[in-house]
Amino acid sequence: MAEISLKKMRSILRKIGDDLVDGIRGELERQGHNNTGNLSDSIRYEIEEFGGNMSLLVIANDVEYANFVNEGFFPNSLPNIDAIMEWIDERGIAPKSDRIAKSKDPRKALAFAIANAMMSEGSPTSGAFKHSRNGKRRGFVNRPFGSRKKGIERKIIDGMSVEIDISTDSIIKKI
(Lines give C-alpha, C1' and ligand atoms only; values in the text may rest on other atoms or scores of the structure.)
Protein backbone atom coordinates (compact mmCIF):
# COMPACT_ATOMS: atom_id res chain seq x y z
CA MET A 1 0.00 0.00 0.00
CA ALA A 2 2.89 2.43 0.78
CA GLU A 3 4.38 1.91 -2.69
CA ILE A 4 1.08 2.88 -4.32
CA SER A 5 0.94 6.02 -2.17
CA LEU A 6 4.51 7.04 -3.06
CA LYS A 7 3.78 6.45 -6.75
CA LYS A 8 0.62 8.53 -6.50
CA MET A 9 2.44 11.28 -4.61
CA ARG A 10 5.18 11.39 -7.28
CA SER A 11 2.45 11.80 -9.91
CA ILE A 12 0.80 14.63 -7.95
CA LEU A 13 4.15 16.39 -7.42
CA ARG A 14 4.96 16.09 -11.14
CA LYS A 15 1.67 17.80 -12.03
CA ILE A 16 2.31 20.54 -9.47
CA GLY A 17 5.92 20.94 -10.66
CA ASP A 18 4.88 21.21 -14.31
CA ASP A 19 2.25 23.80 -13.40
CA LEU A 20 4.65 25.87 -11.27
CA VAL A 21 7.41 25.85 -13.90
CA ASP A 22 4.90 26.93 -16.58
CA GLY A 23 3.58 29.64 -14.26
CA ILE A 24 7.04 30.97 -13.42
CA ARG A 25 8.11 31.02 -17.07
CA GLY A 26 4.88 32.79 -18.02
CA GLU A 27 5.33 35.38 -15.28
CA LEU A 28 8.92 36.02 -16.40
CA GLU A 29 7.58 36.70 -19.90
CA ARG A 30 4.76 38.96 -18.68
CA GLN A 31 7.16 40.97 -16.53
CA GLY A 32 9.48 41.47 -19.51
CA HIS A 33 12.42 39.51 -18.10
CA ASN A 34 12.77 37.03 -20.94
CA ASN A 35 15.61 38.77 -22.78
CA THR A 36 17.68 35.75 -23.85
CA GLY A 37 15.43 33.04 -22.43
CA ASN A 38 18.35 31.53 -20.48
CA LEU A 39 16.77 32.08 -17.07
CA SER A 40 13.38 30.82 -18.22
CA ASP A 41 14.89 27.76 -19.91
CA SER A 42 16.89 26.91 -16.77
CA ILE A 43 13.85 26.77 -14.48
CA ARG A 44 12.88 23.21 -13.64
CA TYR A 45 11.78 21.10 -10.71
CA GLU A 46 13.13 18.06 -8.95
CA ILE A 47 11.38 15.64 -6.66
CA GLU A 48 13.53 14.53 -3.75
CA GLU A 49 12.71 11.45 -1.73
CA PHE A 50 14.10 10.67 1.69
CA GLY A 51 12.89 8.27 4.33
CA GLY A 52 9.41 7.88 2.85
CA ASN A 53 9.00 11.67 2.52
CA MET A 54 9.01 13.70 -0.67
CA SER A 55 9.66 17.31 -1.50
CA LEU A 56 9.31 19.34 -4.65
CA LEU A 57 12.14 21.77 -5.40
CA VAL A 58 11.80 24.44 -8.07
CA ILE A 59 15.27 25.54 -9.16
CA ALA A 60 17.12 27.64 -11.72
CA ASN A 61 20.68 27.27 -12.98
CA ASP A 62 21.80 30.69 -11.74
CA VAL A 63 20.07 31.07 -8.38
CA GLU A 64 21.82 34.37 -7.58
CA TYR A 65 20.64 35.97 -10.84
CA ALA A 66 17.14 34.52 -10.46
CA ASN A 67 16.95 36.00 -6.96
CA PHE A 68 18.14 39.38 -8.25
CA VAL A 69 15.44 39.40 -10.96
CA ASN A 70 12.77 38.19 -8.50
CA GLU A 71 13.62 40.56 -5.64
CA GLY A 72 15.42 43.48 -7.32
CA PHE A 73 17.79 45.43 -5.11
CA PHE A 74 17.84 48.57 -3.03
CA PRO A 75 19.42 51.89 -4.02
CA ASN A 76 23.14 52.37 -3.35
CA SER A 77 23.93 48.80 -4.39
CA LEU A 78 26.63 48.58 -7.06
CA PRO A 79 25.33 46.74 -10.15
CA ASN A 80 27.55 44.54 -12.32
CA ILE A 81 28.77 46.71 -15.23
CA ASP A 82 29.77 43.69 -17.35
CA ALA A 83 26.29 42.19 -16.96
CA ILE A 84 24.73 45.53 -17.94
CA MET A 85 26.92 45.75 -21.06
CA GLU A 86 25.93 42.20 -22.00
CA TRP A 87 22.26 43.14 -21.48
CA ILE A 88 22.73 46.25 -23.69
CA ASP A 89 24.20 44.08 -26.45
CA GLU A 90 21.44 41.45 -26.19
CA ARG A 91 18.70 44.09 -26.38
CA GLY A 92 20.46 46.13 -29.05
CA ILE A 93 20.09 49.28 -26.97
CA ALA A 94 21.71 52.42 -28.37
CA PRO A 95 22.39 55.58 -26.38
CA LYS A 96 19.80 58.33 -26.84
CA SER A 97 21.95 61.04 -25.30
CA ASP A 98 24.41 62.79 -27.64
CA ARG A 99 26.89 63.07 -24.78
CA ILE A 100 26.90 59.28 -24.31
CA ALA A 101 26.73 58.50 -28.05
CA LYS A 102 29.77 60.72 -28.76
CA SER A 103 31.84 59.45 -25.84
CA LYS A 104 35.02 57.42 -26.34
CA ASP A 105 33.20 54.15 -25.54
CA PRO A 106 29.42 54.70 -25.92
CA ARG A 107 28.55 51.16 -24.85
CA LYS A 108 30.48 51.46 -21.59
CA ALA A 109 29.21 55.01 -20.99
CA LEU A 110 25.64 53.77 -21.45
CA ALA A 111 26.28 50.89 -19.05
CA PHE A 112 27.58 53.33 -16.43
CA ALA A 113 24.56 55.60 -16.97
CA ILE A 114 22.22 52.65 -16.42
CA ALA A 115 24.26 51.54 -13.38
CA ASN A 116 24.04 55.07 -12.00
CA ALA A 117 20.23 55.01 -12.37
CA MET A 118 20.14 51.61 -10.68
CA MET A 119 22.31 52.88 -7.82
CA SER A 120 20.05 55.90 -7.46
CA GLU A 121 16.66 54.17 -7.77
CA GLY A 122 17.44 50.53 -7.02
CA SER A 123 16.13 47.83 -9.27
CA PRO A 124 13.81 47.73 -10.99
CA THR A 125 14.21 51.29 -12.14
CA SER A 126 11.18 53.36 -13.11
CA GLY A 127 12.14 52.99 -16.78
CA ALA A 128 12.14 49.18 -16.55
CA PHE A 129 8.36 49.01 -16.25
CA LYS A 130 7.89 49.82 -19.94
CA HIS A 131 9.06 46.26 -20.66
CA SER A 132 6.35 44.72 -18.45
CA ARG A 133 2.98 43.58 -19.84
CA ASN A 134 1.41 43.20 -16.38
CA GLY A 135 2.85 46.24 -14.59
CA LYS A 136 5.10 44.07 -12.39
CA ARG A 137 8.89 43.75 -12.37
CA ARG A 138 9.39 41.76 -9.16
CA GLY A 139 8.06 38.53 -7.77
CA PHE A 140 8.16 36.32 -10.88
CA VAL A 141 8.59 33.36 -8.52
CA ASN A 142 6.32 34.48 -5.68
CA ARG A 143 3.31 35.40 -7.84
CA PRO A 144 2.84 31.96 -9.47
CA PHE A 145 3.25 30.19 -6.11
CA GLY A 146 0.75 32.51 -4.44
CA SER A 147 -1.84 32.30 -7.20
CA ARG A 148 -1.60 28.50 -7.30
CA LYS A 149 -1.62 27.79 -3.55
CA LYS A 150 -5.26 26.68 -3.39
CA GLY A 151 -4.86 24.64 -6.59
CA ILE A 152 -1.79 22.90 -5.19
CA GLU A 153 -3.64 22.05 -1.98
CA ARG A 154 -6.61 20.81 -4.02
CA LYS A 155 -4.39 18.55 -6.21
CA ILE A 156 -2.82 16.99 -3.12
CA ILE A 157 -6.15 16.51 -1.33
CA ASP A 158 -7.91 15.14 -4.43
CA GLY A 159 -5.00 12.84 -5.28
CA MET A 160 -4.71 11.48 -1.78
CA SER A 161 -8.49 11.04 -1.36
CA VAL A 162 -8.51 8.87 -4.49
CA GLU A 163 -5.68 6.89 -2.94
CA ILE A 164 -7.60 6.52 0.32
CA ASP A 165 -10.71 5.38 -1.57
CA ILE A 166 -8.67 2.77 -3.44
CA SER A 167 -7.03 1.60 -0.22
CA THR A 168 -10.38 1.46 1.59
CA ASP A 169 -11.88 -0.59 -1.27
CA SER A 170 -8.92 -2.97 -1.08
CA ILE A 171 -9.40 -3.43 2.68
CA ILE A 172 -13.13 -4.05 2.28
CA LYS A 173 -12.50 -6.63 -0.48
CA LYS A 174 -10.03 -8.47 1.76
CA ILE A 175 -12.58 -8.68 4.57
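Here is a short briefing on the chain shown above, starting with the overall picture and then moving through its parts.

This is a predicted model, in which local features need pLDDT of at least 70, side-chain atom pairs count only at pLDDT 80 or more, and totals for chains, interfaces and linings use all residues. Residues are numbered from 1 along each chain as its sequence is written, and side-chain values use heavy atoms, with hydrogens and water left out. The chain has 7 helices and 2 strands, where helices (H or I, at least four residues) and strands (E, at least two) are DSSP runs numbered from the N terminus.

**The whole chain**
- Of the 175 residues, 29% count as buried; buried means under 20% relative accessible area, exposed means over 50%, and partly exposed is in between (1.4 Å probe, protein chains only).
- The accessible surface comes to about 11400 Å², and 53% of that belongs to carbon and sulfur atoms; these areas come from the Shrake-Rupley method with a 1.4 Å probe, and for residues only the protein chains shown count as cover.
- Take the contacts (heavy atoms within 4.5 Å) between residues at least 6 apart in sequence: 65% of them join residues at least 24 apart.

**How confident is the prediction?**
- The average pLDDT of the chain is 85, and 89% of the residues score at least 70; pLDDT is the predictor's confidence in each residue, from 0 to 100.
- Among the elements, helix H2 (residues 38–42) has the highest mean pLDDT (94), while helix H7 (residues 142–174) has the lowest (70).

**Helix H6**
- H6 runs over residues 106–121, and at 1.5 Å a residue its 16 residues should span 22 Å, which agrees with the 22 Å between its end C-alpha atoms; the expected span is 1.5 Å times one less than the number of residues.
- Leu110, Ala111, Ala115 and Met118 are the buried residues of H6. Seen down the axis of H6, they fall within an arc of 140°, so they line one face of the helix; the arc is that of the directions from the helix axis to the C-beta atoms.
- On the other side of H6, Asn116 and Ser120 are exposed.
- The cover over the buried residues of H6 includes helix H3 (63–71), helix H4 (81–91) and helix H5 (98–101).
- Pro106 is part of H6 and is partly exposed, at 26% relative accessible area.
- Leaving out residues up to four places away in sequence, Pro106 touches Pro95, Ile100 and Ala101.
- Just after H6 comes Gly122, with a positive phi of about 90°.

**Helix H3**
- Ala66, Val69 and Asn70 are buried in H3. They cover an arc of only 100° around the axis, which puts them on the same side of H3.

- Strand E1 (residues 44–50) and strand E2 (residues 53–59) pair in the antiparallel sense over 7 bridges; two strands pair if DSSP finds at least two bridges between them.
- Glu48 sits opposite Ser55 in E2.
- E1 and E2 make a hairpin with 2 residues between them, and Gly51 in the turn has a positive phi of about 55°.

**A buried loop residue**
- Gln31 lies in the loop between helix H1 (2–30) and H2, and is buried with a relative accessible area of 0%.
- Not counting residues up to four places away in sequence, the residues that Gln31 touches include His131, Asn134, Arg138, Phe140 and Arg143.
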